[in-house]
Amino acid sequence: MATILSQLARDGRLAVVDSLTVEAPKTKLLASKFKAMGLQSVLVISDVVDDNLALASRNLPNVLVVEPRYADPLSLVFYKKVLVTKAAIEQLKEMYA
């Protein structure tokens, strides 16, 4: 996992964000947020997946939102972009250090 994350960072496919939240459980809100970022296929690794984020993302075909413990190598390779929150980076460091 550490090797895959390192390679994603070198390829420019890994981005670290402060947090990712949506105000309401609306797919349209999250879709417009990703469109503004220029993302079409994205894996989001967030330290906390609240109900709004989970409900907003479940109907988007090329979006997967998971907590760090559920991130798997296949998903990391499959999605074109990986967004990771700062707190999730710390959790990943603890898990794979």
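**A walk through the parallel sheet**

Strands here are DSSP runs of E with at least two residues, helices are runs of H or I with at least four, and both are numbered from the N terminus. Two strands pair if DSSP finds at least two bridges between them. One place to look is V42, which stands opposite K81 in strand 4.

Before going on, please keep in mind that this is a predicted model, in which local features need pLDDT of at least 70 and side-chain atom pairs count only at pLDDT 80 or more, while totals for chains, interfaces and linings use all residues. Residues are numbered from 1 along each chain as its sequence is written, and side-chain values use heavy atoms, with hydrogens and water left out.

Stepping to another partner of strand 2, we find strand 3, paired in the parallel sense over four bridges. Here V42 stands opposite V63. To get from strand 2 to strand 3, the chain passes through helix 3 (residues 51-57) in a right-handed β-α-β crossover; with the strands pointing away from you, the path from the first strand over the helix to the second runs clockwise.

Strand 2 is covered on both faces: V42 and V44 are buried on one side, L43 and I45 on the other. Buried means under 20% relative accessible area, exposed over 50% and partly exposed in between, using a 1.4 Å probe and protein chains only. In a regular strand, side chains alternate between the two faces of the sheet.

Four strands form an open, parallel sheet in the order 1-4-2-3. Strand 1 (14-17) and strand 3 (63-66) are at the edges with a single partner strand each, so one side of each has no neighbour in the sheet. Strand 1 is joined to strand 4 (residues 81-85) by four bridges, and L14 stands opposite V82. Helix 5 (residues 86-96) packs on the sheet and touches strand 1, strand 2 and strand 4, its direction making about 90 degrees with that of strand 4. Contact means heavy atoms within 4.5 Å; axes are lines fitted to C-alpha atoms, for helices over the stretch in contact, with angles from 0 to 180 degrees between N-to-C directions.

Finally, the rings: a search of the whole structure finds one aromatic pair. Rings of Phe, Tyr and Trp (its six-membered ring) pair if their centres lie within 6.5 Å, and planes under 30 degrees apart count as stacked, over 60 as edge-to-face and the rest as tilted. F78 is exposed because its relative accessibility is 57%, whereas Y79, at 10%, counts as buried.
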